[in-house]
Protein chains: 2
Amino acid sequence: MRHFVQELEELQRRLLEMGGLVENAIHRSVQALVEHSESHAQEVLRNEARINQLEIEIDDLATRLLALQQPMAGDLRFLTAAIKINSDLERMGDLAVNIVERALDLIHLPQVKPLIDIPRMAQLAESMVRKALDAFVKRDSDLARSVLLADDSVDELRTAVHNELVAFMQRDPAVVPQAVDLILISRHLERIADHATNIAEDILFLVKGVDVRHHAEEAEKAAPARNE
Amino acid sequence: MRHFVQELEELQRRLLEMGGLVENAIHRSVQALVEHSESHAQEVLRNEARINQLEIEIDDLATRLLALQQPMAGDLRFLTAAIKINSDLERMGDLAVNIVERALDLIHLPQVKPLIDIPRMAQLAESMVRKALDAFVKRDSDLARSVLLADDSVDELRTAVHNELVAFMQRDPAVVPQAVDLILISRHLERIADHATNIAEDILFLVKGVDVRHHAEEAEKAAPARNE
């Protein structure tokens with residue numbers, strides 16, 4: 001067996017490979033929607049198998065490293081973070097597939113309206129995923145924290161999309177099927193952003209050993225600043 | 001520190017406490033919807049804090065046990081399963097809160113139609129959670145497998161709910177806001193069922209050491225039966 005440090009690097013490398021595939025899946029899924037592109041949609045569906053395969057490999061590797069070694073506190077946090085990040089990335093991949101399913105449905109229906117807020121949500125969500133992965137590589141808690149802030153903007157856009165599409169449906173019942181698809185897509189993007197937020201929280205825990213889930217954050221803010 | 005075995009029992013006890021709270025949250029959230037009951041809704045919102053607290057406690061305990069001991073293969077699988085089950089349960093709790101948010105919105109709006117399929121979805125989802133937790137306690141792979149099968153029925157109901165509500169909106173635009181809320185609730189229930197499925201998969205891995213995620217299942221079915 002290779003040296004433990006090399007195994008940890010291999011684990012990180014695979015997580016980043018998976019992150020890259022997931023980012024790409026999110027991007028292509030919304031491109032499939034905006035450009036009515038069946039080929040982008042098919043690309044996302046094809047790549048899902050690789051994402052699922054990586055999930056299993058990463059899980060196996062992380063569990064094996066937990067078993068074979070007695071990791072120190074920092075390595076242990078890294079391994080448990082890896083297991084969680086892995087699961088969040090895999091679910092993001094699933095959500096990209098869900099977006100594609102809706103996009104394929106929409107290809108055959110007349111357009112409700114030019115899409116503005118949904119591509120903006122997608123951009124935000126993608127950039128959250130990218131920043132979370134960057135924060136992971138650099139162990140950068142400020143960058144991780146910026147992901148948490150971006151989540152609020154995604155939620156605002158989701159509410160705007162919802163209200164606008166409800167109004168459209170009420171004015172013109174013919175657009176109901178399309179508008180419902182778009183509302184569901186906006187929810188999928190919101191959930192992708194939620195998973196990026198989970199990853200950012202895991203990274204804050206990994207870097208600082210501080211739990212920021214469920215407003216433990218507020219308690220931390222109230223405490224005196226620490227050097228990192 | 002107590003004996004390792006006692007600590008593992010404590011971990012299982014807390015996971016079951018959390019599971020009970022989550023089951024209750026799902027049940028009450030749909031009761032809030034069906035009975036237009038604000039008090040059931042408030043109960044779910046109040047209990048969320050305890051679920052979130054338990055999530056952190058369980059995670060801490062599982063991570064500590066991974067760190068302090070060098071667990072054997074079976075215990076290691078139990079600890080990593082506990083970390084995953086914990087995260088699935090917490091997300092189910094969040095989804096019950098999402099259902100409640102929609103239910104509170106619906107209290108003030110005229111009813112679209114008597115609810116039949118959504119309570120049925122909720123019943124199925126609840127029973128999946130209960131069976132998954134039972135399977136966990138009893139290390140019962142057949143029971144875990146039955147959870148995987150139930151997921152298909154939930155997906156069918158979700159499609160039926162979707163199509164029916166789209167038709168309602170097209171006939172009567174006045175019901176659009178309510179119908180969209182109901183579609184979203186059906187999606188939340190579907191996701192609760194998905195999390196129960198994740199838990200069942202973790203239990204199959206825990207009991208048999210076989211990975212059934214992502215259709216590794218089919219490969220397994222094709223293999224000769226084994227004694228358990």
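**Helix pair in chain B**

I began with the crossing: helix 4 of chain B passes helix 5 of chain B in a left-handed crossing (near helix turned anticlockwise from the far one by less than a right angle). Helices here are DSSP runs of H or I, at least four residues, numbered from the N terminus. The model is predicted: local features need pLDDT of at least 70, side-chain atom pairs count only at pLDDT 80 or more, and totals for chains, interfaces and linings use all residues. Residues are numbered from 1 along each chain as its sequence is written, with chains lettered from A and ligands numbered from 1 in the order written.

I then looked up the geometry. The axes of helix 4 (residues 117-138) and helix 5 (residues 141-171) of chain B come within 9 Å and cross at roughly 165°. Axes are lines fitted to C-alpha atoms over the stretch in contact, and angles run from 0 to 180 degrees between N-to-C directions. Helix 4 and helix 5 of chain B are therefore roughly antiparallel (over 145 degrees).

**Chain B against chain A**

I checked the interface next. In chain B, 23 residues are in contact with 23 residues of chain A (C-beta atoms, placed from the backbone, within 7 Å). Helix 3 of chain B gives the largest share of the chain B side, six residues.

Note on methods. Helix = DSSP H or I, 4+ residues; strand = E, 2+ residues; numbered from the N terminus. Parallel < 35°, antiparallel > 145°, perpendicular 65-115°, else oblique. Contact = placed C-beta atoms within 7 Å.
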